[in-house]
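Subject: A structure for you to look at

Hi there,

Here is the structure I promised to pass on.

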Amino acid sequence: MAIRLDLAAIRAACLRFPEAEEAELQGRPLFRVRRRRFALVNPSGAPDRPRWRDAGPSLHVATDPAEREALRHDPRFRPSPHHGGRGWMAVRLDTGALDAREMAELVEAAY
């Protein structure tokens with residue numbers, strides 16, 4: 001059964017990788033290795049910005065081109081307002097549609 005994921009679970013999944021660190025982008029937690037970004041969270045209560053208005057509470061990840069097409073066909077995912085044109089995909093966190101295992105796999109692939 002899927003659970004609603006929170007920032008603490010996503011943070012733990014992202015920061016388990018070597019050299020991963022948390023930064024901030026437009027008031028949102030951003031996870032990166034040096035300058036390369038791999039995950040971003042748009043949490044509830046994040047600063048209002050036009051780009052993010054329709055994203056809701058969501059996880060945004062860089063995707064591998066080999067996996068991107070499959071994610072595009074999964075109705076839970078959509079191009080991220082954060083570099084969707086560069087292969088980033090987003091999934092809502094408030095629907096229970098993503099479980100902790102799937103989240104960890106997405107973050108690992110993005111890393």
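What follows is a short tour, from the whole chain down to single residues.

A word on the ground rules first. This is a predicted model, so to speak of local features I need a pLDDT of at least 70, and side-chain atom pairs count only at pLDDT 80 or more, while totals for chains, interfaces and linings use all residues. Residues are numbered from 1 along each chain as its sequence is written, and side-chain values use heavy atoms, with hydrogens and water left out.

**The whole chain**

The protein chain has 3 helices and 6 strands. Here helices (H or I, at least four residues) and strands (E, at least two) are DSSP runs, numbered from the N terminus. Read from the N terminus on, their order is α-β-β-β-β-α-β-β-α. The radius of gyration is 13 Å, close to the 13 Å that the globule rule gives for 111 residues, so the chain is as compact as a globular protein of that length. (That radius is taken over C-alpha atoms, and the globule rule is 2.2 Å times the number of residues to the power 0.38.) Along the principal axes, the C-alpha atoms fill a box of roughly 30 × 30 × 30 Å.

How much of the chain is buried? Of its 111 residues, 43% count as buried. Buried means under 20% relative accessible area, exposed means over 50%, and partly exposed is in between (1.4 Å probe, protein chains only). The chain exposes about 6300 Å², and carbon and sulfur atoms supply 49% of that area; the values come from the Shrake-Rupley method with a 1.4 Å probe, and for residues only the protein chains shown count as cover.

Among contacts with a separation of 6 or more, 47% are between residues 24 or more positions apart.

**The core**

In soluble globular proteins, nonpolar side chains tend to be buried together. A nonpolar core is a set of buried Ala, Val, Leu, Ile, Met, Phe, Trp, Tyr and Cys residues joined through side-chain atoms within 4.5 Å. The largest one here has 30 residues, and Ile10, Phe38 and Leu59 touch the most other members. Among the elements that give two or more residues to this core are helix H1 (7–15), strand E3 (36–42), strand E4 (58–62) and helix H3 (100–110).

Isoleucine 10 sits in helix H1. Is this residue buried or exposed? Isoleucine 10 counts as buried because its relative accessibility is 0%. Beyond its neighbours within four places in sequence, isoleucine 10 is in contact with Phe31, Val41, Leu59, Leu93 and Met103.

Leucine 40 belongs to strand E3, and at 0% relative accessibility this residue counts as buried too. Leaving aside neighbours within four places in sequence, its contacts include Leu25, Trp52, Leu59, His82 and Trp88. From leucine 40 to valine 107, which is 67 residues away in sequence, the C-alpha separation is 9.8 Å.

Where is aspartate 54? Look in the loop between E3 and E4. Aspartate 54 counts as exposed, at 63% relative accessibility. Apart from neighbours within four places in sequence, aspartate 54 is in contact with Arg78 and Arg92. Its C-alpha atom is 8.8 Å from that of proline 81, 27 residues away along the chain.

Finally, alanine 100 lies in helix H3 and is partly exposed, with a relative accessible area of 38%. Alanine 100 and aspartate 6 are 94 residues apart in sequence, yet 9.8 Å apart in space, C-alpha to C-alpha.

Enjoy exploring!

Best wishes

Notes. Contact means heavy atoms within 4.5 Å.
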